[in-house]
Amino acid sequence: MVVGVLALQGAFREHQQVLEAMGVKTRQVRKPEELEGISALIIPGGESTAIGKLLVDYGLMEPIREMAAGGLPIFGTCAGLILLAKEITGSPQPRLGLMDIRAERNAFGRQVESFEVDLEVPALGEKPLRAVFIRAPYISAVGPGVEVLASLGDGKIVMARQGRYLACAFHPELTEDRRVHRYFLEHCS
Amino acid sequence: MEKGTWTVKKGLAEMLKGGVIMDVTSPEEARIAEEAGAVAVMALERVPADIRAAGGVARMADPALILRIMDAVTIPVMAKVRIGHFVEAQILEQIGVDYIDESEVLTPADEQHHIDKHQFKVPFVCGARNLGEALRRIAEGAAMIRTKGEPGTGNVVEAVRHMRLMMAEIRRLQSMRRDELMAAAKEMGAPYELVVQVAELGRLPVVNFAAGGIATPADAALMMQLGADGIFVGSGIFKSENPRAYARAIVAATTYYNDPAVLAEVSKELGRAMPGLEIATIAREQRMQERGW
């Protein structure tokens, strides 16, 4: 099993380090041919506008959509969540649009408002998860097939799953806790 | 809920990796940069080439201009303060800038002390010419490092020198016995704990970008192949003949830095790059990289 990590820009190295520490092989994906043979794909944090533009310019958008239709599990963090969303409030930017969710970009404010918090994620067990939010988005609406996995105290949705797709607004690749990656590999793949 | 932690400061830089941060002097330029795929913009009144030409004292930009640029784009906006000028930094933190560059491009306000960056919620990036300088800045609280290069020259030679030196020094630490690291720390004037950390990690404990003289897609890919985590382009975009084309090409070259086919393609028909300066023609006291220590 090889998990592809979209490596156009952003924190792809950290995702690879987490997976490799779990004994999972990874491959950086920058071109369509590098998608061949992967059994899951991770879209890392970064700038969603920059990643979206490169997805279009370098011909990755359609191949990823086709593989998704064929059953490829996809996990997006932060910018990855935005790229998975069908709807992005106030933005016409390119996206994969695979999940029935509406994303709000930079929804907590600028960098000085970025934060860490202990987040309850019932699907991952009783122990709260240390979640790091960096100029993060959140999910303001979900369609019928979407399971909400975590919300903040004020009800903002920050982690959700729809079948083989998983999205979170925070950065599990920046902490030592591997439960989110394990959840993706066990429940979405 | 905790804000301004080391993890979130360093984390934003992690998200910028593999990307290009572009100097802009107006909301229009900021939009051009964003459309081209920049991961952040640096808001300035003048690009380094113009600062160099104008002479005199270069200071923090007008906050009103920075705010207009912040309104124009959704990507992070950085801005520069003079070395040691912690009040300019307080002002930029107040208006909500996403990253502060304590920069040698502006005229230093303090020749002895850099800003105590731990006192701020907003993260800082600082320039360095070698590993000791990088680790001193990190010890003061910088959450991101960049090479100094020689800003405003369109000449990549100094950025190459600084990146090569930093990487060589890191490799040297990795090859040392643990009991040799204290002497190494003393020699380079860097805190021992950070020296040990670098020896163990085999890289800086924060993101390390290349800056200062990058003018073409090939320059950007060169710096990436030498080990940079990402690229700052100052005058290189908006002093070129065709800023949109240069911006797009440098973004692509930073992602596909190891792919000569893509590099060849994006380097075609870009028009004239920014005019370059031979470093030897700049008197030592005029070199921006000599500012700070």
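Predicted model: local features only at pLDDT ≥ 70, side-chain atom pairs only at ≥ 80, totals over all residues.
## Basis of the description

Residues are numbered from 1 along each chain as its sequence is written, and chains are lettered from A and ligands numbered from 1 in the order in which they are written.

## The contact between chains A and B

Chain B contributes 43 residues to the contact and chain A contributes 37 residues, where contact means heavy atoms within 4.5 Å. Between them the two chains bury about 3200 Å², of which 55% is on carbon and sulfur atoms. Buried area here is the accessible area (1.4 Å probe) that two parts lose on being put together, summed over both.

A salt bridge is a side-chain nitrogen of Lys or Arg within 4 Å of a carboxyl oxygen of Asp or Glu. B:Asp229 and A:Arg13 form such a pair, with their closest N and O atoms 3.5 Å apart.

## Salt bridges within the chains

In chain B, B:Arg82 and B:Glu88 form a salt bridge whose closest N and O atoms are 2.8 Å apart. B:Glu88 is buried at a relative accessible area of 5%, and B:Arg82 is buried at 13%. Buried means under 20% relative accessible area, exposed means over 50%, and partly exposed lies in between (1.4 Å probe, protein chains only). Elsewhere, salt bridges with shared partners link A:Arg13, A:Glu14, B:Lys10, B:Glu14, B:Lys17 and B:Asp229 into one network.

B:Lys10 and B:Glu14 are four residues apart in helix α1 (residues 6-16) of chain B, so about one helical turn separates them. An α-helix has 3.6 residues a turn, so residues three or four places apart point the same way. B:Lys10 is partly exposed at 23%, whereas B:Glu14 is buried at 6%.

In chain A, the side chains of A:Arg102 and A:Glu104 form a salt bridge of 3.5 Å, N to O. A:Arg102 is partly exposed, with a relative accessible area of 30%, and A:Glu104 is buried at 17%.

Helices (H or I, at least four residues) and strands (E, at least two) are DSSP runs, numbered from the N terminus. Eight of the eleven residues of α1(B) are buried, so this helix is largely enclosed by the rest of the structure. The buried residues are B:Val8, B:Lys9, B:Gly11, B:Leu12, B:Ala13, B:Glu14, B:Met15 and B:Leu16. Just after α1(B), B:Gly18 has a positive phi of about 70°.

Helix α9 (residues 192-201) of chain B has B:Leu194, B:Val195, B:Val196, B:Val198 and B:Ala199 as its buried residues. These pack against α6 (131-139), α7 (157-174) and α8 (181-188) of chain B. Just after α9(B), B:Gly202 has a positive phi of about 75°.

## A buried arginine without a salt bridge

B:Arg287 is found in the segment after α13 (260-266) of chain B. B:Arg287 is buried but has no salt bridge, and the nearest side chain of opposite charge, B:Glu290, is 5.1 Å away. For charge, Lys and Arg count as positive and Asp and Glu as negative, while His and the chain ends are not counted. Leaving out residues up to four places away in sequence, B:Arg287 touches B:Glu150, B:Ile279, B:Ala280 and B:Ile282.

## Partly exposed sites on chain B

B:Phe86 lies in helix α5 (residues 86-95) of chain B and is partly exposed at 47% relative accessibility. Together, B:Phe86, B:Val87 and B:Ile91 make a nonpolar surface patch of about 240 Å². Patches are made of residues with over 30% relative accessible area and no salt bridge, with like charges joined within 9 Å and nonpolar side chains (Val, Leu, Ile, Met, Phe, Trp, Tyr) within 5 Å. Accessible areas come from the Shrake-Rupley method with a 1.4 Å probe, and for residues only the protein chains shown count as cover.

B:His118 lies in the loop between β5 (99-103) and β6 (124-128) of chain B, and is partly exposed at 47% relative accessibility. The C-alpha atoms of B:His118 and B:Ala128, ten residues apart along the chain, are separated by 18 Å. Not counting residues up to four places away in sequence, B:His118 touches B:Lys9, B:Ile138, B:Ala139, B:Glu140 and B:Gly141.

Definitions and conventions. Heavy atoms only, no water.
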